[in-house]
Amino acid sequence: QVQLVESGGGLVQPGGSLRLSCAGSGIIFSTYIMGWYRQAPGQQREMVATIDRLGSRNYVDSVKGRSTISRDYAKNTVYLQMNTLKPEDTAVYYCNARRRVGERDDNYWGQGTQVTVSS
């Protein structure tokens, strides 16, 4: 059974920082591209950051320079460090694991963790 369990969300003031964590089980963690996505009320889910097996990273423009995605293979965990948070970062943040094996796409989501940036 595949599980992605997020933690680290919460209420933070503008300008503050948070580190989100996502612990994976039931998958061969090292074979997946790991990512963080977010969805604000009334908005579509968007990619925030991804990191592939070799450590190559991608970020949405709105978080570049403020956020860092990393992964710990020993702990099967992916992190998202977010700094200088803004109210527009408020959303539910979801962890994602995906890979393509031949013609098959494996794609898993966590349950989400709420991040609220407000004074």
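Modeller: What follows goes through a disulfide, a sheet, some salt bridges and one tyrosine in this predicted model.

Biologist: Start with disulfides. How many does a search of the whole structure find?
Modeller: One disulfide turns up. Cys 22 is joined to Cys 95, with an S to S distance of 2.1 Å.

Biologist: Which strands do Cys 22 and Cys 95 lie in?
Modeller: Cys 22 is in strand E3 and Cys 95 is in strand E9, residues 91-101, so the pair ties together parts that are 73 residues apart in sequence.

Biologist: Left-handed or right-handed?
Modeller: The disulfide is left-handed, because the torsion about the S-S bond is about -80°.

Biologist: And are the two cysteines buried or exposed?
Modeller: Cys 22 is buried, at 0% relative accessibility. Cys 95 is also buried, at 0%.

Biologist: Now the sheet of four strands. What is the strand order?
Modeller: The order is E1-E3-E8-E7, the sheet is open and the pairing is antiparallel. From one strand to the next the twist averages 15°.

Biologist: Which strands stand at the edges?
Modeller: Strand E1 (3-7) and strand E7 (67-72) do. Each has a single partner strand, so one side of each is left without a neighbour in the sheet.

Biologist: What about E8, mostly covered or mostly open?
Modeller: E8 is mostly covered, with five of its six residues buried. The strand spans residues 77-82 and is joined to E7 by six bridges. E3 and E8 also pair over six bridges, again in the antiparallel sense.

Biologist: How many residues are between the strands in the hairpin of E7 and E8?
Modeller: Four, and in that hairpin Asn 76 takes a positive phi near 50°.

Biologist: Change of topic. How many salt bridges does the count come to?
Modeller: The count is eight. Arg 38, Glu 46, Arg 66 and Asp 89 are linked in a network of them.

Biologist: Which residue forms a salt bridge with Arg 99?
Modeller: Asp 106 does, and their closest N and O atoms are 2.8 Å apart. Asp 106 has another salt bridge, to Arg 104, where the closest N and O atoms are 2.8 Å apart.

Biologist: How do Asp 106, Arg 99 and Arg 104 come out on accessible area?
Modeller: Asp 106 is buried, with a relative accessible area of 9%. Arg 99 is partly exposed at 23%, and Arg 104 is partly exposed at 43%.

Biologist: And which residue forms a salt bridge with Arg 100?
Modeller: Arg 100 has a salt bridge with Asp 105, the closest N and O atoms being 2.7 Å apart. Arg 100 counts as exposed at 51%, and Asp 105 is exposed at 52%.

Biologist: Last one: where is Tyr 32 found?
Modeller: Tyr 32 sits in the loop between strand E3 (18-25) and strand E4 (33-39). At 2% relative accessibility, Tyr 32 counts as buried.

Biologist: What does the side chain of Tyr 32 make a polar contact with?
Modeller: The side chain of Arg 99, at 3.2 Å. Beyond its neighbours within four places in sequence, the residues in contact with Tyr 32 include Ile 51, Arg 71, Asp 106 and Tyr 108.

Methods:
Residues are numbered from 1 along each chain as its sequence is written. This is a predicted model: local features need pLDDT of at least 70, side-chain atom pairs count only at pLDDT 80 or more; totals for chains, interfaces and linings use all residues. Side-chain values use heavy atoms; hydrogens and water are left out. Helices (H or I, at least four residues) and strands (E, at least two) are DSSP runs, numbered from the N terminus. Buried means under 20% relative accessible area, exposed over 50%, partly exposed in between (1.4 Å probe, protein chains only). Contact means heavy atoms within 4.5 Å. A polar contact is a pair of N or O atoms within 3.5 Å; within protein, one must be able to donate a hydrogen and the other to accept it, and residues adjacent in sequence count only if both atoms are side-chain atoms. A disulfide is a pair of cysteine sulfur atoms within 2.5 Å. Two strands pair if DSSP finds at least two bridges between them. Axes are lines fitted to C-alpha atoms, for helices over the stretch in contact, and angles run from 0 to 180 degrees between N-to-C directions. A salt bridge is a side-chain nitrogen of Lys or Arg within 4 Å of a carboxyl oxygen of Asp or Glu.
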